[in-house]
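Here's a quick briefing on a two-chain model, put together for someone who likes to know the cut-offs. Have a look at the structure, then read on.

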Amino acid sequence: MTTETPLQTTPEVGGMGHSVKRKEDPRFIRGQGKYIDDLVLPGMLWLDIVRSPYAHAKIKGIDASEALKVPGVAAVITGADLEKAGLHWMPTLAGDRQMVLPTDTVMYQAQEVAAVVATSRYAAADGVAAVLVDYEPLEVIVDPFKALEEGAMVLRPDRAADKQTNRIWHWESGDKAKADAALAAADVRIEEDIYIPRIHVASIETCGCVADWDATNGHLDLHMTSQAPHAIRTVLALVSGLPEHQIRVKTHDIGGGFGGKVPVYPGYVLAVVASLTTGKPVKWIEDRSENLQADSFARDYHIHAELAATKEGKITGLKVRTIADHGYTDAAADPSKFPAGLFNVITGSYDFQNCFVEVDGVYTNKPPGGVAYRCSFRVTEAVHAIERMVDILAHDIGKDPAQLRMENFIQPEQFPYKTPTGWSYDSGNYPAALQKAMDIIDYAGLRKEQAEKLAKGELMGIGISSFTEIVGAGPSHDFDILGIKMFDSCEIRVHPTGKVIARLGVQSQGQGHETTFAQIIAEELGFPVADIKIEEGDTDTAPYGLGTYASRSTPVAGAATAIAARKIKEKARHIAAHLLECSADDLEWTNGKWSVKGSPDRFKTIQEIAFAAYTNHPAGMEAGLEAVDYYDPPNLTFPFGSYICVVDIDKGTGEVHVRRFVAIDDCGNIINPMIVDGQIHGGLTMGLAPALYEQITYDEQGNNLAGTFMDYLLPTAVETPAWEVGKTTTPSPHHPIGAKGVGESATVGAPPAIANAVVDALWHLGVRNIDIPITPQKVWAILHEKGIS
Amino acid sequence: MTTQHVAMTVNGEKREADVEPRLLLVHLLRDVFLLTGTHIGCDTSNCGACTVHVNGQSAKSCTMLAVQADGAEIKTIEGMADGAKLHPLQQAFWDQHGLQCGFCTPGMIMQAAWFLGENPDPSETEIRAGIAGNLCRCTGYVNIVKSIQQVAGTLAEGASAPVVAAATTEGQAVSAEPAAAG
């Protein structure tokens, strides 16, 4: 059902649905944010990293003698040093292992080879330049298909005897026989290769940390850029052997994450080792080239898809075979049971029951891949594939792509909808979202304009994407990372004077948690947002949680916040009954007060109740007013939307100009409309980026060809269109406040809308697919070949 | 390594230091003067997180040596507010949700402030071109453009920014904070 979010609180309270200005902003606009590189501790040393120029090489020797003579250099750490402590390898979140520093072989260009610790940033860099490493280059495999060929060099001989292959794992989902039968019986069968290239989140702040070992007390403070501080603390305890209560992971302000700040990178571990070794705080901060060349990457999926349909365009089946390039180790941050993430959500917004998906993870001489780029575990790859295939089907049978989608959508009354790969979609109204987008953009008018332009030889395209997201990981029966269940948490304490502090297990990186989680508490308890402080990212004080990624903060920690608040509200009811000398059953809750039913003038405000909780609580009741909730979601949430993109193509240059882009999103009930729109604006821009500009490429020697912002093109304000956004509201039926999560929807939904628009403009020339990024070179080459340009 | 003495005015205060000739201005500001509002986001002058004003000109402080700023007037984000009173652009970025993670924000505000001095009443297209040297990964620029539009046309007369409620496509404008000074 599509409804509007009702406003239950006044603007002064600022509960759900109010565009409350962000509580975190005053420090940021004054330059008073505290990011990791702003942290300076007394006696602090700097760590810098020697990196491999080769993508695959034997290390024959490392000579640090000259480096140790550089003024200010305190130590040089090599793999041999770490091996003595058993720290030269570490586990990845995906159950593989990753080198902290190599002892004999480097596996990708820019891999960490040694660390230099010095008294200043510049001295550390001087030390790095003075370390001599003797390499013997080895054969390089950058192409995952070549890695799978018979007789290919085995890149990871350290694996078990029965795993001496570059195939990391094989994963299947769905019913192969049913998918084959649907394809065999199909009137129309579409077959296409679709490559989703390797990209990088490139948050404007790079990664870094300050490790601070206190030998006297046996305590380690690790200040770091992490989206998942609690999980990091546990991993660190398991790997290092330090007692977990003696490790504090502390994040500060984080300058963007997008998935790139989930993994544990060697630099963090090296800073810890350096602090343990020197007894001093040690800072490590990546520069941009290191960030773009060595941190975990996203995508790199080679998809072969087959779609079955009737001649009228009713989809009947889908079969997908995918080669996933993970680089030299599987360091993906997927839940344990899902090596290909949630890629099998690939049936998308469409009603058909025959689907089979198989994915092979493959090793190559590249840095670790498989980390999200603002998306929930491979849903972007899935959405791109199905939305491209549906569009090709529509064009092939000569049906309007909007009409074909309308005829294949799962209908509102079919929810909860069970997909052939096992997901249970919670709620949706797909036709309403697409219709709203079509109405706003004047779809019929655009098609008419397109026909007129085509007659004049001008290239204009209209692309649609009607995506279904899958977020909020996740229910404990299916979702864990390294065995830790994917619950999340909130602890709320109400102080005697009616002021509130709440701590959560998640970690904001710009999403505005200090405001939105305060709004949930304001909604539930009636305290004004101004009276509520939100804290995250200190593992000594915050309750345990799995962190912020995959749009899980509102679906999981937001639910925990609402439930914890309701526990407080229930205790408050009994305190109010005591104060009003009535039965708790006789009270009703309205606008921040418990009042006697039928006597609205007899009430106690939540602030009065808070004071009484410490000064006049009922006999037999514990004093205080606080609660904690660890929320285990019963299901994932499934935000959705329909996007329509209009492009004009310059025939002379092949440049794609996005003229209009209308995005209708449905993320369930909305906490803060202003922040939701901001999330969508940003998500759309991170959808535009891989669609038209961004790609990490390698030459045959494994050299990264996009290792700086000169070569890896983030969209500026000039390339980015003025996004037009709108909403439908279909609450999640299982979430306490009906919310679904929104941070990544637009990044997931936007690329196929843009790609579909470009192919739509070129379809009459025989173009069926162009892999993203759709650069001017690619388009110009097509136009040139067709004699247009 | 030998050092060189530099003296400059930073946010109206005289500052001096003995620096290596290779020290970047951004590192002088951040590591020596402890003005950490100026950020570093790349090594190639692309991102603009390090933008400051040098003698009234917008400059990427990662691409200047500290010794080149000897004798200069420097203004950083820390020098934009007048005590408790925010600079109109700071107020506008807050009002219009022109920031998310906040990392690019100081550079974005410094660039916008310089740009509006050059072009006090720009079109949207001119604003977008004016901030093309500053990358933001969070906001999609929509609300950054709105933030600059809130101030455009007001600075030239020396007036304070008008109070414009945060506008969103379908959301309503509300502030839980005291109203901005008009």
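The largest nonpolar core in this predicted model has 316 residues, and those with the most contacts inside it are A:V116, A:A274 and A:I521. A nonpolar core here is a set of buried Ala, Val, Leu, Ile, Met, Phe, Trp, Tyr and Cys residues joined through C-beta atoms within 7 Å. Buried means that 20 or more other C-beta atoms lie within 10 Å of a residue's own, while 12 or fewer makes it exposed and anything in between partly exposed, with C-beta atoms placed from the backbone. In soluble globular proteins, nonpolar side chains tend to be buried together.

Some housekeeping: residues are numbered from 1 along each chain as its sequence is written, and chains are lettered from A and ligands numbered from 1 in the order in which they are written. Because the model is predicted, local features need pLDDT of at least 70 and side-chain atom pairs count only at pLDDT 80 or more, whereas totals for chains, interfaces and linings use all residues.

- Skipping neighbours within four places in sequence, A:I521 is in contact (C-beta atoms, placed from the backbone, within 7 Å) with A:I492, A:V500, A:A502, A:F527, A:I532, A:T561 and A:A565.
- Helix α14 (residues 513–525) and helix α15 (residues 553–580) of chain A have axes that come within 9 Å and cross at roughly 35 degrees; axes are lines fitted to C-alpha atoms, for helices over the stretch in contact, and angles run from 0 to 180 degrees between N-to-C directions.
- On the α14(A) side the contact uses A:H513, A:F517, A:I520, A:I521, A:E524 and A:L525, and the α15(A) residues include A:T561 and A:A565.

**Two buried spots in chain A**
- A:Y430 sits in helix α12 (residues 430–441) of chain A and counts as buried because 27 other C-beta atoms lie within 10 Å.
- Beyond four places in sequence, A:Y430 touches A:S349, A:F409, A:I410, A:S466 and A:F640.
- A:F467 is 37 residues from A:Y430 along the chain, with 8.8 Å between their C-alpha atoms.
- A:A757, in helix α18 (residues 745–762) of chain A, is buried too, with 31 other C-beta atoms within 10 Å.
- Among the residues that A:A757 touches are A:G461, A:I462 and A:V646.

**Chain B**
- Chain B has five helices and five strands, which are DSSP runs (H or I, at least four residues, for helices; E, at least two, for strands) numbered from the N terminus.
- Along the sequence the pattern is β-β-α-β-β-β-α-α-α-α.
- Buried residues make up 55% of the 182 residues in chain B.
- α2(B) and α5(B) pack at about 135 degrees with axes 8 Å apart, so they are oblique to each other (under 35 degrees is roughly parallel, over 145 roughly antiparallel, 65 to 115 roughly perpendicular and the rest oblique).
- That contact of α2(B) with α5(B) involves B:P88, B:L89, B:A92, B:F93 and B:D95 from α2(B), and B:S147, B:Q150 and B:V151 from α5(B).

**Where the chains meet**
- 56 residues of chain B are in contact with 58 residues of chain A.
- The chain B elements giving two or more residues to that side are α2 (88–95), α3 (105–118), α4 (124–130) and α5 (142–151).
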